[in-house]
Amino acid sequence: MSDSMNYPSDKLDVVLVGGGMITHDQILPSLYHLQRLDRIGTITICALNSAPLRELAESQRLRQAFPEQGFQAQPDLDHSPEQMFPEQFRDAIAALPPGNLVVVAVPDHLHDPVIRAALQRGQHVLSVKPLVLQYAQAVEIERVAHAAGLFVGVEYHKRFDRRALDARGLYREGRFGQFRCGEGKLVEPYYYRHSNFQNWFTKENSDPFTYIGCHYVDLVYFITGLRPVEVSVRGIPGNFPNGKAAYMWSLGRVVWENGAILSLLNGLGYPDEGAGTNDQGLCLFCEGDNCGGMLRHDDQFRGVSHGYVDRHSGAMFRFVSPDYFRLVAWEGEGLKPVGYGYDSVEANVLAALRVNAAAAGLDGQDALAKRRDILEDIDRRGIIATPANSSINELVTEAARLSITQHGRQIAIDYAGVPAVRG
């Protein structure tokens, strides 16, 4: 591994592993804009085969927004889409000088080996949520990263929604009282069943609670600071068009350490012709001193409606969310990303740069101590999700995966001594 004094402190080269929907819709546009701002250097994208990389390279949306930018594809775009390169990401990470950034955007059950490969090569990491599926994996990632002075961030972008940041401050000032009972909901569109989801979103790998319900588990923890102590999830199975079995719907219940209860409805089934593209939101009912409190966020309809004369958006009438991620006109060439989806990626990239900058010009243990100081400050602030400050999510995910396979059995989370899932 290179000396710390050689770690980049002004911009990072990036290896992005995964070329799917989240890469196209949020991560790559964010990285492209950060490249414009000279915070990102080269961008290499690895995928299992050339097909998704070709789609990214030919995307009219990305070409319009970033006309002068592109990425290095691994495997090369000339390869047949039938050729598979499951280990290509290891070569790309190995070619990256230490102290740069690996972005993990592969299916949930594949996160751990990619993250481990990045840390072994001395790279900072940004992973889409959930970080991993088991608490022990999160603990080990935290241990390895802290020992090497490397940043690991989890892209829970709802933390950067201004309404969530505002609610966090108000809740912790006592303005809502104590959370007692609530509900969260995130139902993705039906067309997901016809996408690449049918190749990996199977019973043995994931479920709606794990994949998207985790957003609202993390958000309640982020806002209130309360830890979950019991999880039960019931799944409704179905089959993808290719015949593979999956949980298409889930209903979960999370009990928190103060006795509060959150129900969570998740699924792949929002009508493709529906106005919202998905259905999502959070409602928390609270209690104060002889009075009630409430927090309600409608994350589907944010006050903007569009009626189109075409069907480029999938329907002629849509609720539009300007808050999450939009590409809009700006004073430069092309378009720029705005919204909390971009803010989240930017915050994680700047955090990795901050870690490197703290040790600039130093070497050995002095550099390592400085990097660790910054990592501990990021953990303590708790805005960016890290293995150290968000591992309740891995405990909940592990409990949920156990519960859903046992038809909704209640699974306890025990924080005494070493936290553990007990069923």
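Trainee: What should I know about the model before reading it?

Mentor: The model is predicted, so local features need pLDDT of at least 70 and side-chain atom pairs count only at pLDDT 80 or more, while totals for chains, interfaces and linings use all residues. Residues are numbered from 1 along each chain as its sequence is written, and side-chain values use heavy atoms, with hydrogens and water left out.

Trainee: At what angle do the axes of helix H1 and helix H10 cross?

Mentor: Helices are DSSP runs of H or I with at least four residues, strands are runs of E with at least two, and both are numbered from the N terminus. Axes are lines fitted to C-alpha atoms, for helices over the stretch in contact, and angles run from 0 to 180 degrees between N-to-C directions. Here H1 (residues 21–36) and H10 (residues 340–358) cross at roughly 60°, and their axes come within 9 Å.

Trainee: How are H1 and H10 placed to each other, then?

Mentor: Angles under 35 degrees count as roughly parallel, over 145 as roughly antiparallel, 65 to 115 as roughly perpendicular and the rest as oblique. H1 and H10 are therefore oblique.

Trainee: Which residues of H1 and H10 meet?

Mentor: Contact means heavy atoms within 4.5 Å. From H1 come Gln 26, Ser 30, Leu 31, His 33 and Leu 34; from H10 come Gly 341, Tyr 342, Val 345, Glu 346 and Val 349.

Trainee: What is the angle between H6 and H11?

Mentor: H6 (residues 135–148) and H11 (residues 364–381) pack at about 135°, with axes 8 Å apart. This pair is oblique as well. Ala 145, His 146, Ala 147 and Ala 148 of H6 touch Leu 368, Arg 371, Arg 372, Leu 375 and Glu 376 of H11.

Trainee: Is Asp 161 buried or exposed?

Mentor: Buried means under 20% relative accessible area, exposed over 50%, and partly exposed in between (1.4 Å probe, protein chains only). Asp 161 has 6%, so this residue is buried. Asp 161 sits in the loop between strand S6 (152–155) and helix H7 (162–172).

Trainee: Which side chain joins that of Asp 161 in a polar contact?

Mentor: A polar contact is a pair of N or O atoms within 3.5 Å; within protein, one must be able to donate a hydrogen and the other to accept it, and residues adjacent in sequence count only if both atoms are side-chain atoms. The partner is Arg 302, at 3.2 Å.

Trainee: Where is Thr 224 found?

Mentor: Thr 224 belongs to helix H9 (residues 208–224) and is buried at 9% relative accessibility. A polar atom of its side chain lies 2.7 Å from the backbone oxygen of Val 220.
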